[in-house]
Amino acid sequence: MKYLSYLFLLTVMACAPDTPAEVPEIPKRPNILFIMSDDHAERAISAYDNSLISTPNLDRIANEGMRFANSFVTNSICAPSRATMLTGLYSHLNGKLDNRDVFNGDQPTFIKDLQASGYHTSVIGKWHLKSAPQGFDYWRVLIDQGHYYNPEFVTPTDTTEIIGYTSTVITDLALEQLQQRAAGDEPFCMLYWHKAPHRNWMPDLSDLDGLLEREFPEPPTLRDDYAGRPAAEEADMRIADMYISKDLKVTPEYAPVDPGTGGHPTFKGQQNFLDLLERFTPEQRAAWDPFLDRVGESYLQAVAEDRLLEWQYQRYMQDYISSVESVDRNVGRVLDYLDESGLAENTIVIYTSDQGFYLGEHGWYDKRFMYEESMRTPLMIRYPLLVEAGTVNEELVLNNDIAPTLLDMAGVEVPERMQGASLRPLLTQQDEPDWRDAAYYHYYEYPHGWHSVNKHDGVRTDRYKLIHFYGENGEWYELYDLETDGTEVNNRFDDPALAEVQADLMQRLEELRVELEVPEVGP
C-alpha cells in the first residue's frame with residue numbers, strides 16, 4: 001500500500017497493488033474509445049446472458065477482447081459513478097456523493113492527464129455532472145439527462161437542438177469526430193457516452209412496430225415480499241408503482257389520473273410525459289400516436305382482467321430492451337467504422353455502464369442498492385495488440401479501475417492519488433496474486449432524491465456480501481451467501497452457521513474504511 005496526497009490535503013491509502021513491471025509492451029500509443037451507456041443491466045447484453053436480448057455488436061467487443069465477469073461499481077447512481085470513473089477515486093474523495101452535488105471539475109482526472117501527454121480528448125453524449133467538462137479538446141454534451149427525441153447539445157459556445165433519436169444522433173456526432181481523428185497523427189481518447197437505456201425508455205421509431213407483442217420471462221423475485229430486509233421494503237422503486245404515464249406510456253385518454261408514485265413524492269409524471277410528446281416533430285408524432293392508442297387499450301384490458309403487474313412488467317421490458325437494442329445498433333456503426341478506417345487494431349475499445357439496473361428482480365426497476373443487479377455492471381475491453389480474443393476474467397474489478405487502466409495502457413504514469421488499480425495485468429493474463437479480495441461500496445442519497453433507498457455501505461467478497469444500513473432509520477446489517485442465495489432474499493446476519501464469516505466480514509469492512517479514508521459511518 002502507498003500513501004498519497006490529494007485535493008483538500010486529504011490523505012488516502014490505495015486499496016489495490018501496484019501493477020507488475022513485466023507485462024507485454026505496447027508498440028505505439030493506442031487510441032481509446034470509451035463507450036458508456038446509462039443504467040445498462042449486465043443481463044441485457046447477450047455476451048453475459050442471452051435469455052432477454054441479442055446484442056451482436058456489443059458482443060463483438062467481448063468476443064474480440066476480454067469480458068469481465070465480476071465488474072462492480074462503488075456507488076450505484078449515475079453522476080457519482082461517472083465522477084469515480086473520471087478520477088479513479090471513491091465518492092467521498094472526489095466529492096460527488098449523490099446526484100445533487102456539483103462535480104468539482106478543477107480536480108485531476110485521467111482525461112486531463114491524457115490531454116497533457118499529447119492525446120486529443122473529446123466527450124460526446126451524456127455528461128450529467130452539473131459542471132462544464134474540463135480537460136477536453138472537444139465536447140458536445142446533453143443538457144442534464146437529455147431527451148430521447150430531438151436532444152439539445154451544449155458546446156463551449158452554443159446550444160443546439162438536433163432532430164432525431166438520441167442514440168443515433170450521439171453516434172452521428174461521434175463518427176464525425178472519429179473521421180477527423182483518423183486523418184491525423186496524434187492519439188485520441190473519445191468518451192462516447194449514451195443516454196439510453198436511462199428512464200423513461202422511449203423506443204426509436206423503427207422499433208415501435210410489433211413492440212407490444214414481445215414477451216419476456218418474469219424473474220423469480222418479481223413478487224418479492226422483502227422479508228428481513230427493511231430498506232428493501234421501504235424503497236419506492238417497484239414496477240407496480242411506476243408512473244403509468246411517463247414510464248409505461250399511457251396517455252390521459254386511457255388513465256386520467258396516474259396512480260403511480262414513480263419514486264418521487266412531488267414529481268408530476270403525467271405532465272412530464274405530455275411535455276415529452278410535445279417535443280416530437282409532426283412525423284414523429286404521427287408514428288407514435290397509433291402506438292400510444294395500442295398501449296392505452298392494452299392497459300385497460302389488463303386492468304379489466306386483473307393482471308396489471310404482469311402488464312406493467314412486460315411494458316417496462318419492451319421499452320427498456322428496445323432502448324438497449326438501439327445502443328447496440330449504433331455501437332455497431334462505430335465498430336464498423338473503426339474497421340473500415342484502419343483504426344481498429346490500435347484502438348482500445350471499452351464498453352461499460354455507469355451502473356447496473358433492476359429488470360424486475362425484487363419487483364424493481366432503478367438501481368442504488370448494493371444488491372447484485374445494481375452493483376454489477378458490464379465491462380468489456382477490446383485491444384487486438386494486447387488482449388487475447390474471447391477471454392473472460394473472474395477477478396473483482398471496480399469502476400475506479402478504469403482511470404488507472406487507460407493511463408497505464410496509454411503509457412502515462414498513473415498518479416498515486418488514484419484508488420483503483422490498472423487492469424493491464426488482467427488484460428494481458430499476467431499472474432496477479434495480490435489482486436483485491438474484496439470490494440467496498442457506499443451509497444449516500446437519502447432521504448433526499450428519488451426512490452427512498454437508505455444510506456448504506458458494505459463489502460463483497462467472491463462469495464459473501466455484508467451490507468451495513470445506517471442513518472435516520474437506525475442501523476442494521478444484512479449478510480448474504482451468494483453461492484447458495486444468488487437472488488439475495490435470505491438475510492443471514494446473526495445466523496450462527498455463518499458466525500465466523502460474519503466476524504471476518506465485519507473486520508474486513510472496518511479495514512477497508514480505514515484504508516480508503518472513509519469518514520465515520522453510523523446512524
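In this predicted model, the axes of helix H1 (residues 56-63) and helix H9 come within 7 Å and cross at roughly 50°. H1 and H9 are therefore oblique to each other. H9 (residues 308-341) also packs with helix H5 (residues 166-182), where the axes come within 10 Å.

**H1 against H9**

- From H1, the contact uses Pro56, Asn57, Leu58, Arg60 and Ile61.
- From H9, Asp328, Arg329, Val331, Gly332, Leu335, Asp336 and Asp339 take part.
- By class, five of the residues in this H1–H9 contact are nonpolar, two are polar and five are charged.

**H5 against H9**

- The H5 and H9 axes cross at roughly 15°.
- That angle is under 35 degrees, so H5 runs roughly parallel to H9.
- The H5–H9 crossing is right-handed.
- H5 contributes Ser167, Thr168, Thr171, Asp172, Leu175, Leu178, Gln179 and Ala182.
- These H5 residues meet Ser326, Val327, Asn330, Arg333, Val334, Tyr337 and Ser341 in H9.
- By class, the H5–H9 contact holds six nonpolar, seven polar and two charged residues.

**Nonpolar cores**

- In soluble globular proteins, nonpolar side chains tend to be buried together.
- The largest nonpolar core here has 115 residues.
- Tyr192, Tyr316, Tyr320, Leu359, Phe369 and Tyr371 touch the most other members of that core.
- A second, separate core has 45 residues, among them Trp127, Phe136, Val141 and Tyr383.

**Around Tyr371**

- Setting aside neighbours within four places in sequence, Tyr371 contacts Arg229, Ala232, Tyr358, Trp364 and Lys465, among others.
- The contacts of Tyr371 also include Ile467, Phe469, Glu478, Tyr480 and Glu488.

**Helix H2**

- Helix H2 (residues 78-87) is mostly covered, with 10 of its 10 residues buried.
- The buried residues of H2 are Cys78, Ala79, Pro80, Ser81, Arg82, Ala83, Thr84, Met85, Leu86 and Thr87.
- Strands that cover the buried residues of H2 include E3 (31-37), E10 (188-193) and E11 (347-353).
- Helices in that cover include H3 (91-94), H4 (110-116) and H11 (402-409).
- Gly88 follows H2 and has a positive phi, near 75°.

Key: Residues numbered from 1 in each chain as written. Predicted model: local features only at pLDDT ≥ 70, side-chain atom pairs only at ≥ 80, totals over all residues. Heavy atoms only, no water. Axes fitted to C-alpha atoms, helices over the stretch in contact; angles between N-to-C directions. Helix = DSSP H or I, 4+ residues; strand = E, 2+ residues; numbered from the N terminus. Parallel < 35°, antiparallel > 145°, perpendicular 65-115°, else oblique. Left-handed = near helix turned anticlockwise from the far one by under 90°. Contact = heavy atoms within 4.5 Å. Nonpolar A, V, L, I, M, F, W, Y, C, P; charged D, E, K, R; others polar. Core = buried A, V, L, I, M, F, W, Y, C linked by side-chain atoms within 4.5 Å. Buried < 20%, exposed > 50% of the residue type's maximum accessible area, 1.4 Å probe, protein only.
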